Amino acid sequence: MEPELAVALPAAGALIGAALRPRPRVALIAGAALGVAGLAALVLAAPGLSSDQLGLRLSISAMSRALLLAGGGSLALVVAFAPARADRTALLTWGLAGLAGMAAIAAAPTLDLVILVTLGVALLHAALAGGRSLSARLRAPALAVALLGVGLVLARLEGPPVLARFAAVGLVAGLAAALGLLPYIHEFDPDEPTSASPIAWIAFLGPVIAVAVVMRARELIPTAAAAFGAMLVGLGLLNMLWGSLASWLTEKGTSAWHYSFMADWGLVLCAFGVQVADGQAAAVLVLYGILLSRLPLYLWSRQSLRERVQTDRPINLLAAALLAGSAPFAGFAARVLLLRGASQLYWPLALVIAAGLLLWLPPSLRLGRSLGLPRGRQAIGAGIAIAASVAMGLYPQPILTLAGL
Amino acid sequence: MDTAAAIGAWLGAAVIVLADGRRGLAVGIGLVALGFAGLAWTEGSWVGTAFLVVGGAAAVIELLRARPHDWGFMPPGSTARLILAVVGGIISLWIAASVTTGPGAPLRFASLAVMALMSGRLLQSQSATAVLTAAAGLAIALAGASAIAPSGSDYAPYLLGAAIAAGALLLPVSESRGA
């Protein structure tokens, strides 16, 4: 019953939050209560064990469960320590809707259903009023769905072995389009509300979609697993390079944050592509870093980005170190694991990744400054995000155990 | 019957690619839904057939309910779209009938052709109605393609695909706020 509850309770929270919008305090309390109940159902869910209450065998893998819990934590952090002028009810409502979609993607028994749920989420997300036109908002996620669909069909067809390789191309291209990575970068409007912007895909929905697609793809096309891994590594390196350089050199601060997410995703794709245990552990830690550190810090920096405030206080230096993945933060542990995994596979790859990691430093200093000087609730939130990252960096084992690694 | 249904689905997708007006798009999505419903019927899934017919009918009604009632079929400058519709069909037919083996060639052809043409429409169009219709067509194609799975398909993909097709065109079309 837990997978059904993990989907239904956040969805109910989002619906109640939307219905009670005129009474924000009540909406916030009701939404938060249902969201917490949904997370409790997730905690109680036994990983991999299927439930068949709706005539559908739903089950949530350990890795997906770990990322869903991180998504819930990220939402709690963002809503509880939102800037004073932010609409916390809207943040919670759309966050819970996203969480319900993520739980549905994680619990779906087949890749067909994963893709269809992703299309449903894409349509709902595109319906949010934002700065871009509906066609621009829907184009990339719907293209992702089409590419994943073609990849899935090719994976299931009988024919020459090359079909499995084409299936791998479709699945990797679809994943890149869903996340908004090179070569399918989502059109980005810096002034758009975060819930309606591509950040929702790259930083919130993305981790669970990636795990669902990568894990199922490995089962679907075992004969093309090496090609699939190689494509992930290649695309990962490309996004590391492009994301970090663009984050450093772009003029707009908000776009710099957007590109920095791409760079982190480059690491995740490399880690998934490496296909050894250390690689998977590195991917989980980077995804935790995106959900629990980079996304909240981005949201808290939006106010100072609008006011063009840049500060060089110790908190900015700490945030920069966290974003750059230096010790003792979670990113450092992830990078060490990734390099160890890559050197097990093919040592020149580890050399290339190690050189690429240096590119994180200049943009991270810039992003750290753009946080401004957090005050009040935001200062507490930034403190929690930094402390959580230190804890994950010093002792990542509980998270890795939660993810079944 | 399955060959006719597959050709009908491809024709519907081609009409969605070539039409800009609501009537043209309604005919297209209707043909796609009927084509995949026919394919589900030949696969022995009457539940899937029913879901796809209902989902497709809801999308058609939603398109015809709102104004303007125009066809917008092959407006000037549609040559590239016409080429896409024809070439997409030919390549899908080649893959389904020649490259791949085993039974179910019509379903393979229809799935690949509709997904490819809907991707093209999504990338090319700036109109919200056309993009939402393409997304609805994509949902129906994905639901229909679930029958290619070695273990067959249960009702869930059909139900979800039909719900998305029916719901896509109900979404409020809130366009840009001037970015």
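The model is predicted. Chain A has 17 helices and zero strands. Chain B has seven helices and, again, zero strands. The chains touch: 42 residues of chain B are in contact with 33 residues of chain A.

**Chain A overall**

- The radius of gyration of chain A is 20 Å. The globule rule gives 22 Å for 405 residues, which is close, so chain A is as compact as a globular protein of that length.
- Along its principal axes, the C-alpha trace of chain A spans about 60 × 50 × 40 Å.
- Of the 405 residues in chain A, 63% are buried.
- Take the contacts in chain A between residues at least 6 apart in sequence: 75% of them join residues at least 24 apart.

**Chain B overall**

- Along the sequence, chain B reads α-α-α-α-α-α-α.
- A compact globule of 179 residues would have a radius of gyration near 16 Å. Chain B has 15 Å, which agrees.
- The C-alpha atoms of chain B fill a box of roughly 50 × 30 × 30 Å along the principal axes.
- Buried residues make up 59% of the 179 residues in chain B.
- Among contacts in chain B between residues at least 6 apart in sequence, 72% join residues at least 24 apart.

**Where the chains touch**

- In total, 42 residues of chain B contact 33 residues of chain A.
- Three elements of chain B each give two or more residues to its side of this surface: α5 (105–124), α6 (128–145) and α7 (155–168).
- The largest share of that side of chain B comes from α5(B), with nine residues.
- The residues on the side of chain B that touches chain A divide into 27 nonpolar, twelve polar and three charged.

**The nonpolar core**

- The largest nonpolar core holds 233 residues.
- The members that touch the most other members come from both chains: V284(A), L285(A), A135(B), L138(B) and A139(B).
- What does L138(B) contact, leaving aside its neighbours within four places in sequence? In chain A, its partners are L119(A), A142(A), V145(A) and A146(A). In chain B, they are M115(B) and M118(B).

**Helix α11 of chain A**

- This helix covers residues 277–306 of chain A. At 1.5 Å a residue, its 30 residues should span 44 Å. Its end C-alpha atoms are 42 Å apart, which agrees.
- α11(A) bends by about 35° at I290(A).
- Why is α11(A) described as largely enclosed by the rest of the structure? Because 27 of its 30 residues are buried.
- R308(A) follows α11(A) and has a positive phi, near 55°.

**Helix α4 of chain A**

- Helix α4 of chain A runs over residues 88–107. Its 20 residues should span 28 Å at 1.5 Å a residue. The end C-alpha atoms are 28 Å apart, which agrees.
- α4(A) is mostly covered, with 19 of its 20 residues buried.

**A226(A) in helix α9**

- A226(A) lies in helix α9 (residues 225–249) of chain A.
- The label covers counts between the exposed limit of 12 or fewer and the buried limit of 20 or more.
- A226(A) and G273(A) are 47 residues apart along the chain. Their C-alpha atoms are separated by 8.6 Å.

Notes
Residues are numbered from 1 along each chain as its sequence is written. Chains are lettered from A and ligands numbered from 1 in the order in which they are written. This is a predicted model: local features need pLDDT of at least 70, side-chain atom pairs count only at pLDDT 80 or more; totals for chains, interfaces and linings use all residues. Two residues are in contact if their C-beta atoms, placed from the backbone, lie within 7 Å. Helices (H or I, at least four residues) and strands (E, at least two) are DSSP runs, numbered from the N terminus. Ala, Val, Leu, Ile, Met, Phe, Trp, Tyr, Cys and Pro count as nonpolar, Asp, Glu, Lys and Arg as charged, and the others, Gly among them, as polar. A nonpolar core is a set of buried Ala, Val, Leu, Ile, Met, Phe, Trp, Tyr and Cys residues joined through C-beta atoms within 7 Å. A residue is buried if 20 or more other C-beta atoms lie within 10 Å of its own, exposed if 12 or fewer, and partly exposed in between; C-beta atoms are placed from the backbone. The expected span of a helix is 1.5 Å times one less than its number of residues. The bend at a residue is the angle between axes fitted to the seven residues ending there and the seven starting there. The radius of gyration is taken over C-alpha atoms; the globule rule is 2.2 Å times the number of residues to the power 0.38.
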